[in-house]
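Subject: Structure for you, with notes

Hello,

Here is the structure I promised. My notes follow below it.

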Amino acid sequence: MCRFVAYLGEPIVLDEMLFLPDSSIVEQSVHPQLLSAMNLAGFGVLAWDAASADPERPWTYRTPGLPFFDRNLRSLSRKARATALIAHVRGVVLSDREVVDEGNVHPFRFEGVPTALAMNGDLEDFPRMRYDLLGHIRPELARQIEGTTDSEWLYALILSQVADPTAPADPDELAEATVRSLAIVREVRARHGLERQSAVNLVLSDGRCLVATRFAYDYGWYHEDWTFAGRERVNDFTTLWFARGRGYACHDGEWGVGAGRPESSIVIASEPLTHDRSRWLEVPEYAMLVARPARSADVGLATETRELDL
Amino acid sequence: MSRRDDAAALLRSLPVLADLPEDEIDNLAALSEPFAVAPGEVLFEEGDPADAVFIIGSGELESIKRLPGDRALTTARLGPGTALGEMAMIAGVPRVATARAVEATSGIAVEAHAVQQLLGGANPGARELIVRIGQQALRILRSVVERTASELDQDVRASQAMRELAPASSEVTPIRPGPDEANYLSTILFFDRFSRDQLSELFDDMPRLAAPRGTELVAEGERPDALLFVLRGAVESTVHHGRAAARVRLSGPGRIVTHLGVLDDGPCPYDCRARERVVLLEAPVERLLELRERDDAAWRLFRLGVYEDAVDAIVQADRPLARMAAAGEEVRA
């Protein structure tokens, strides 16, 4: 199972999200709190900096290697700033059918498309579903699929439900496109008789808004061969947490969002970035979180939770 | 009076310990240490290991859940004669809230392993103690659920839209357990604590039920006559207030749906609906009474598992309140 973290808000140095918290995303790649094991298959980060040249275009760092030992990543993250980012640690099942290469590393972003996606989840028997999805994906987007992951296909599927995927994302339209895509996948699963639990925790961003889901098909219908340890039984609905507040900084030795209003930063993560989980909230199961710049204030974010009743 | 006598007197004054034999009270008193905290001082932090049970002799503590952005939710005020930490201890979970002194507060702390030793014993007082801790967990669960319902109309932003009703064709049907059910049960929560023989002895004659997504299993206000265990799929428990609603628990495999309304005196305070197609195991009240009469090792494991699950239900039921508090100003008890 993968781990991701996404951020939107006041400028941060990447180190503050990727390395410095005591359970940062890089630390989670070797010591996840809410997973019993992680079979590492790559790391990627995609970050937007409003003060950079061409601020609409994120910079990208993707490697099939392990972030914990990546000196280039560490060095870069101490200097690079971001007002939005998605970072993802890829975990895979132990199978010789898994393809571990850069093409399968999240986050995914097609050329000419401002919106990127990362996923923490796994669609049951995806090879059986794949070509049923093709009818719902625009050819120009299908042609850009390079890897073998269910996540990249879901990315193309969601973009195909948006009127103009090359335009900056409208958070409401992106949220609706995500819901429609999840409904299409449900229909395809039913057609193939796929009835085992499949988590679909997604995060999408174009650097100005964030859309995230905590969702599973057929929750509670475990795979027959799912031998899982205690932490997976307790956290069997794939976890997603968030914290929002004024800015993001180190407070009394602990990284997190600050007190006060207006709320100007949000962090969404597969699991809290700190061992102390008390300053984080769980995203409800079967829910979507949408964050965007507030309309009524010069600064600040508006965040809402929507039920995914499908 | 010696410090040990003081501790014994305080322990004896607790309703949950009222039936313990004198020698057990003395044993606990010997293993206790006094504590004292000044106003504003923290006794323990949320997330700390539950390594001791604290009993307040005098003063007042407040129980606080921290939230993002340095906000907080005050969940309870606790006065003399209240025990803290016994539920986290039986459920094996860390402290679920921070305890901070409102005024100068003192009492005794009993190490968790001493209480656990007592609970593992066979004397009638210890058995009664765990029942009372469990009943306290159920009271707290009911109060958290009722508080969530009452807060809903104050902050509809954090509540969810009310669901559509289930299709009229949805119904609960009895099914037979599959041939490999015992293997499966031994991998899921609650059931994984029993030996194969105990699984067979406890559950073979209890009905299995199947229901499609959306089926209403228990209506708010109903008094169900059986504990429902989720074997496969998921059930959600939802409280309502006017047009607002909030899910207070999503119960997946190995979770119990109907603690409230079966194991306590009130009606079920939420409706329970199949969120996914679901297979349930039904434990009728009369069967539970039979098992209680037998009072053997399997029943004691069963009972402890039910109370552990009630503590998990409290932790889950707290989540909508925490989201409401994080969205608005501090919510006070």
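Start with a helix pair in chain A. α6(A) and α7(A) are oblique to each other, oblique being the class for angles left over once those under 35 degrees count as roughly parallel, over 145 as roughly antiparallel and 65 to 115 as roughly perpendicular. Their axes come within 8 Å and cross at roughly 120°. Axes here are lines fitted to C-alpha atoms, for helices over the stretch in contact, and angles run from 0 to 180 degrees between N-to-C directions. Helix α6 covers residues 150-160 of chain A. Helices (H or I, at least four residues) and strands (E, at least two) are DSSP runs, numbered from the N terminus.

Before going on, the ground rules. This is a predicted model, in which local features need pLDDT of at least 70, side-chain atom pairs count only at pLDDT 80 or more, and totals for chains, interfaces and linings use all residues. Residues are numbered from 1 along each chain as its sequence is written, and chains are lettered from A and ligands numbered from 1 in the order in which they are written.

Back to the pair. The crossing of α6(A) and α7(A) is right-handed. (A crossing is right-handed if the near helix is turned clockwise from the far one by less than a right angle, and left-handed if anticlockwise.) From α6(A), A:Leu154, A:Leu157 and A:Ile158 meet A:Ala177, A:Thr178, A:Ser181 and A:Ile184 of α7(A). Contact means C-beta atoms, placed from the backbone, within 7 Å. By class, this contact has 5 nonpolar, 2 polar and no charged residues. Ala, Val, Leu, Ile, Met, Phe, Trp, Tyr, Cys and Pro count as nonpolar, Asp, Glu, Lys and Arg as charged, and the others, Gly among them, as polar.

α7(A) has another partner. Helix α4 (residues 126-133) of chain A packs on helix α7 (residues 171-191) at about 120°, with the axes 10 Å apart. That angle makes α4(A) oblique to α7(A). The crossing is right-handed. A:Met129, A:Asp132 and A:Leu133 of α4(A) touch A:Val188, A:Arg189 and A:Arg191 of α7(A).

Now the backbone of chain A. Which peptide bond next to A:Pro107 is cis? The bond from A:His106 to A:Pro107 is, with omega near -10°. A:Pro107 sits in the loop between β4 (81-91) and β5 (116-121) of chain A. Another cis bond joins A:Arg261 and A:Pro262, with omega about 5°. A:Pro262 belongs to the loop between β11 and β12 (265-269) of chain A.

A:Asp252 is not a glycine, yet its phi is positive, about 50°. Its place is the loop between β10 (248-251) and β11 of chain A. A:Asp252 counts as exposed because it has 6 C-beta neighbours inside 10 Å. The cut-offs: buried is 20 or more other C-beta atoms within 10 Å, exposed is 12 or fewer, and partly exposed is in between, with C-beta atoms placed from the backbone.

A:Thr239 is buried, with 24 C-beta neighbours inside 10 Å. It lies in the loop between α8 (230-234) and β9 of chain A. Leaving out residues up to four places away in sequence, A:Thr239 touches A:Leu34, A:Ser270 and A:Glu271. Its C-alpha atom is 9.1 Å from that of A:Pro284, 45 residues away along the chain.

The interface next. 27 residues of chain A are in contact with 26 residues of chain B. On the chain A side, β9 (241-245), β11 (254-257) and β13 (281-282) each give two or more residues. β9(A) has the largest share, 3 residues. That side divides into 10 nonpolar, 5 polar and 12 charged residues.

Chain B, finally. Its domain assignment gives domain 1 (3-120) and domain 2 (160-293); such bounds come from an automatic or database assignment. The C-alpha centres of these domains lie 33 Å apart.

Helices α1 (residues 3-13) and α2 (residues 22-30) of chain B cross at roughly 125°, and their axes come within 8 Å. The two are therefore oblique to each other. This crossing is right-handed. The contact includes B:Leu11 of α1(B) and B:Ile25 of α2(B). It has 7 nonpolar, no polar and 3 charged residues.

B:Phe190 has a positive phi of about 70° and is not a glycine. It lies in the loop between α6 (181-185) and α7 (196-203) of chain B. B:Phe190 is buried, with 21 other C-beta atoms within 10 Å.

Best wishes

Definitions and conventions: Contact = placed C-beta atoms within 7 Å.
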